[in-house]
Structures are given as structure tokens and as C-alpha cells.
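Dear colleague,

I am handing over the structure that we spoke about, and it is placed just below. Please keep it open beside you while you read the notes that follow.

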Amino acid sequence: MARELMNAVQYSSYGGGPDGLQHVEVPVPTPNKDEVLLKIEAASLNPFDWKVQKGMVRPFFLPSSLTYLVIADVVGDVIEVGSRIKNFKPGDKVVAMVNPISMLPGSVDSWEFLNHVKHTQLGIFPIGSDIGTYGLDMAPLELQASSEPVYNGVNSDRTAEGEQVMISLASTIVVGVVAKNGGGLAEFAVTKGSLTVARPPELSADKFVGLPVAGLTAHQALTQSAGIKLDGSGTKSNILITAASGGVGHYAVQLAKLGNAHVTATCGARNIELVKGLGADEVIDYRTPDGAALRSPSGKKYDTVIRCATGIPWSTFERNLSSNGKVIDISPGPSSLFTFALKKLTFSKKQLVPLILIPKDENLRYLVNLVKEGKLKTVIDSKYPMDKVKDAWAKIIDGHATGKIVVEN
Ligand SMILES: NC(=O)c1ccc[n+]([C@@H]2O[C@H](COP(=O)([O-])OP(=O)(O)OC[C@H]3O[C@@H](n4cnc5c(N)ncnc54)[C@H](OP(=O)(O)O)[C@@H]3O)[C@@H](O)[C@H]2O)c1
């Protein structure tokens, strides 16, 4: 059935920065059985969004050209639900994640899946290969001739003619992304019911809009990677959070304090009072010699570092770690993957742990509840209307946001 058109923002090739964004009209997406159609109230930007546009994550899973409707974090109202959705109804206010990147190894009805996508652009390639070499036009037939098992994190019934589907295959690990008719910079978007969470209607949308990517990353880093119990029942540990004034960092400080940690934080001088206000026990200006050296003012060694700032070498972290200290690297690049492997192979007690967000609705619900109880707050750097989206994009690229950048419909 032909759907009405909506306004959206997309880019159609890598690069171009803010000027690469285009205002377009595209069909309002149709929710599949396990999806929800949302009228978007606001979306928040993450560095990942411009990194995808710039092609920085392309060697892993994105094809040589793409039309992508950007942005994962949204808040909005439910308009329509798929037949399997029982917990939402039109009018519900929610926070959700659009187009999650899946890294969920597991068997699927692979040939059925491929049949579903036969009209779409499809790229399939070993992880780490140059995707441009393989291109988008590889026929499903060739894929069916493959003797490799196909795994993916995308339900076969989520795909339909006209969607873009990219899959990468490496024996048992697949990273896939479904770029359905919409991201968060649009009037409407579909989200998986499993990554959509009700929010209290009496609280404003901007209290929740940063939770899906930044909030969940902070939560995963502290709970899953660092083993911190957020009810405070674990042993007290010393945590360093770098870039504590950023999207992930400002949530991480607040969550670490709920976990009864002693928190040292780094940020620029202008944000020191803000970060103290979020609960940090000690705050260092990263542009001072002590800040650059990550030296705790009280001389503490860190049991865990949540590494939100890029560009700091492992050697700087290593000399500040306690004997079993870990660095949770939320922006893992080639050098940190090398350090990760080296530390594992040499049985080092000091470890680097790369993190890629695996979003879970139970964790998003947990964060929504914390906001409702007044235990977690979202700092808003700035808000832009959709017609000023290029300014918002320039701001996130700049890398100096304090908290979250929001684009409103
Ligand atoms: N692995 C994943 O799944 C995942 C998920 C989410 C985010 N990430 C990555 O995590 C990183 C942080 O994300 P974000 O959303 O928190 O970024 P962000 O909001 O853009 O961070 C901006 C903040 O970082 C501060 N900052 C920059 N360099 C710093 C340094 N050397 N020391 C201390 N503070 C510094 C800035 O302060 P000033 O303005 O004072 O310079 C600014 O307040 C990004 O690289 C992002 O791509 C990864």
C-alpha cells in the first residue's frame, strides 16, 4: 500500500559533513509485525552518526555508497503497532532506538531471509575486508550458493522490498544493519518493539532522548564490562571517567555514583562545576599537565577507567591503574584492539576491554525508571529545530558538546 510522504533528513554518500545532509520527502515507513510506528518528537545526535557519514566505520560493515536516514535515539508517540506488539497502543509516549546495529550471532532462516531481500541492495563480505571491492550488487543467488552458514541479528520478517540491507559474514559473527525507511531525523520512524520503552507522559521528552545510545553505553560499560552493581551493593571501587562532560560520560558519572564508586572525572575547565554537580568526587581539567596524565588529585589508582575521550594512549592509562585495573574502551580502534589482544596473550592483570553497545530494552527501562525517580538526569547541550539540523550536525562533529545535542520536530 502506498504510504503518505514525510519530511526526513538523509545523506546519500560518504563525506560532506553538515552540507552532505539533505532534506527529502520519503514514504512514511510501515511497521512490521514486531515494530512500532512513532511520530517523532525529538532525536538526539551521537558521534557515531557523523562517523558513519564520514565512512569511519565503513571497513566493518557499511557498503561503498548508501542512502541513509540517520540517527538512532528518538522520543515520540506511538501511532501504529505491528500485529505482535501487545504492550503499546497508539498515543503511548516512548523512548526508542531506531536502526540498531546488530551483533547477535545466531542461526536464522537464512535463505528465507535472503529471499525477502532479493529486491534490495545487498552486500556480503568478510569482516575487515574492503567492502568497496565487493559492492552492493552481489546477487542473492550467489549467496545461496555459498556453503558458509549465514548468521545475522536481523529478523527475516523485518525486511521488505525497498529496504537497504547490509550484512557482513565471518564464519559465526555477523554485523548487520537494516536501514529501513527512516532514522530519527524524520517526522515518523519505525522502531523494534523490543527497543521501545514507555516513558512517563508527565515528564518532558528531553529528559529521555539521550538514553538509548549514550545512556545504554554508560550502563553497559559500568555493569557488564566493569561489573559495578548499580544498587551500590558491590565493593567500593575507584573509577576514572574521561570526557565526563560528554553524552556517555555525564551518564556514566551519575550511574557510577549509584554504584557507590569513588569517581574521578576529566573534562574541560568550563565543565568542572557541572561534573561535580553530577556527583564526581574529583574532577581534573584535561588540558592541564595533571589532567593530561590522568593523575588523581588524591593519588588514587583506578580499578576501572571508562574511556570516553579518544586520543589518550594505553601507556597513560596503564601507569594509573590498580594492579587488576581495566580500561573499558568505548571507541575501540586498531591500536586498542592490538592492546586488547596483547594484554590477553601476555596474561596481563591490567586489561583493555573494547566495548560495542548491545542495546537491551530491560536496561533502557531501568534508565527510564532512574530518570522518573530523579536519580539520573540528561544534560542538554543545545536544541535545534529540524530546519537547522546542519548546525546541530556541525556541533556534534566539533566534539565539544556538554551533554546531548537534540533536534526537535
Ligand atoms: N562503543 C559504542 O557502542 C559507543 C557508544 C556511544 C559512544 N561511543 C563513542 O564514545 C565516544 C564518546 O561519545 P560521547 O557521545 O560521550 O561524545 P561527546 O558527547 O561528543 O563528547 C564531547 C565531550 O568530550 C569532552 N572531551 C573531548 N576530549 C576530551 C579529553 N581529551 N578529555 C576530557 N574530555 C574531553 C568535551 O569537552 P570540551 O568541550 O571541554 O573539549 C565534550 O564535553 C565517542 O567516540 C563515541 O563515538 C561508542
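Two residues are taken to be in contact if their C-beta atoms, placed from the backbone, lie within 7 Å. This is a predicted model, in which local features need pLDDT of at least 70 and side-chain atom pairs count only at pLDDT 80 or more, while totals for chains, interfaces and linings use all residues. Residues are numbered from 1 along each chain as its sequence is written.

Helices (H or I, at least four residues) and strands (E, at least two) are DSSP runs, numbered from the N terminus. In helix H1, Pro 47, Asp 49 and Trp 50 meet Trp 393, Ile 396 and Ile 397 of H13. The residues of this contact divide into five nonpolar, no polar and one charged, where Ala, Val, Leu, Ile, Met, Phe, Trp, Tyr, Cys and Pro count as nonpolar, Asp, Glu, Lys and Arg as charged, and the others, Gly among them, as polar. The axes of H1 and H13 (residues 389–398) are 9 Å apart and cross at about 95 degrees; axes are lines fitted to C-alpha atoms, for helices over the stretch in contact, and angles run from 0 to 180 degrees between N-to-C directions. That makes H1 roughly perpendicular to H13, a term for angles of 65 to 115 degrees, whereas those under 35 count as roughly parallel, those over 145 as roughly antiparallel and the rest as oblique.

Strands S15 and S16 pair over five bridges, and Thr 304 has Lys 326 in S16 as its bridge partner.

Finally, which residues come nearest to the ligand? Of the 31 residues around the ligand, they are Gly 246, Gly 247, Gly 268, Leu 357 and His 400, a residue being near if its C-beta atom, placed from the backbone, lies within 6 Å of the molecule. Domain 1 (1–99 + 180–210 + 378–409) and domain 3 (215–354) both give residues to this shell, so the ligand lies between them; the domain bounds come from an automatic or database domain assignment.

Key: Two strands pair if DSSP finds at least two bridges between them.
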